[in-house]
Amino acid sequence: MSINRVVISGNLTRDPDLRQTSSGMAVLGFGVAVNDRRKNPQTGEWEDYPNFVDCTMFGSRAQSISGFLRKGNKVAIEGKLRWSQWERDGQKRSKLEVIVDEIEFMTPRGDNGGYNNGGYSNGGYSQPAAAPAPAPQPAVDASVYDEDIPF
C-alpha cells in the first residue's frame, strides 16, 4: 500500500499563471514557499530555510480562484505529489510538484496582497447582513403542569 497525500501552508512566490490545454481545460500554476526551521550549528540560532514547491491545479476551480491569488498570499494546500521528467536541449530534467485538490486562502481579505477582486477594498464581497435578534421567549408558567409528573 502507498499513500500519496501532501498538506502544506506557505506564501505564493509568484502570481499564478493560468493557461488552457488544447481541449480547453484550465491549468493554474503557482509556487509556494514553505519554511523549514533548523538550528545553525555555528551560531546556535534557529534559522528559516525556504523550500520552493511548484503547484498545479486543473479545471473550472482553477480558473475560478486564479483571480484571487497574488504573490505573497498565504495559502493552505492539500494534494498529491507528481513527478515529471522531460528533455530540453539534450539534457534530462525532472521535477516534483503538488497537484492541488483543495486550497484555502489564509490571507485576510483586507490585507495588502490579500485576495482582492478588482481592487475593491472588501475583496469584492458584500458584508453579510446582521442576523435578526431572536424573538423573546414567554416565561413558562409552572402552575399549568400537573404536580404528579416529576421533572
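Trainee: What average pLDDT does the protein chain have?
Mentor: This is a predicted model, in which local features need pLDDT of at least 70, side-chain atom pairs count only at pLDDT 80 or more, and totals for chains, interfaces and linings use all residues. Residues are numbered from 1 along each chain as its sequence is written, and side-chain values use heavy atoms, with hydrogens and water left out. pLDDT is the predictor's confidence in each residue, from 0 to 100. Of the residues, 72% score at least 70, and the chain average is 81.

Trainee: How many contacts beyond four places in sequence does the model have for residues 140-147?
Mentor: A contact means heavy atoms within 4.5 Å. Over residues 114-127 pLDDT stays under 50, and the model has 25 contacts beyond four places in sequence there. Over residues 140-147 pLDDT also stays under 50, and the number of such contacts is two.

Trainee: How many bridges pair strand 3 with strand 4?
Mentor: Helices (H or I, at least four residues) and strands (E, at least two) are DSSP runs, numbered from the N terminus, and two strands pair if DSSP finds at least two bridges between them. Strand 3 (residues 26-39) is joined to strand 1 (residues 6-12) in the antiparallel sense by two bridges, and to strand 2 (residues 17-20), also antiparallel, by four. With strand 4 (residues 46-58), the antiparallel pairing of strand 3 has 13 bridges.

Trainee: Which residue in the turn between strand 3 and strand 4 has a positive phi?
Mentor: In the pairing of these strands, N35 stands opposite P50 in strand 4. The two strands form a hairpin with six residues between them, and the residue with a positive phi, of about 80 degrees, is G44.

Trainee: Why is the pair of F68 and F105 given its class?
Mentor: Rings of Phe, Tyr and Trp (its six-membered ring) pair if their centres lie within 6.5 Å; planes under 30 degrees apart count as stacked, over 60 as edge-to-face and the rest as tilted. The whole structure has one aromatic pair. The ring centres of F68 and F105 are 6.3 Å apart and the planes stand at 65 degrees, so the class is edge-to-face.

Trainee: Is F105 buried or partly exposed?
Mentor: Buried means under 20% relative accessible area, exposed over 50%, and partly exposed in between (1.4 Å probe, protein chains only). F68, at 17%, counts as buried. F105 has a relative accessible area of 25%, and is therefore partly exposed.
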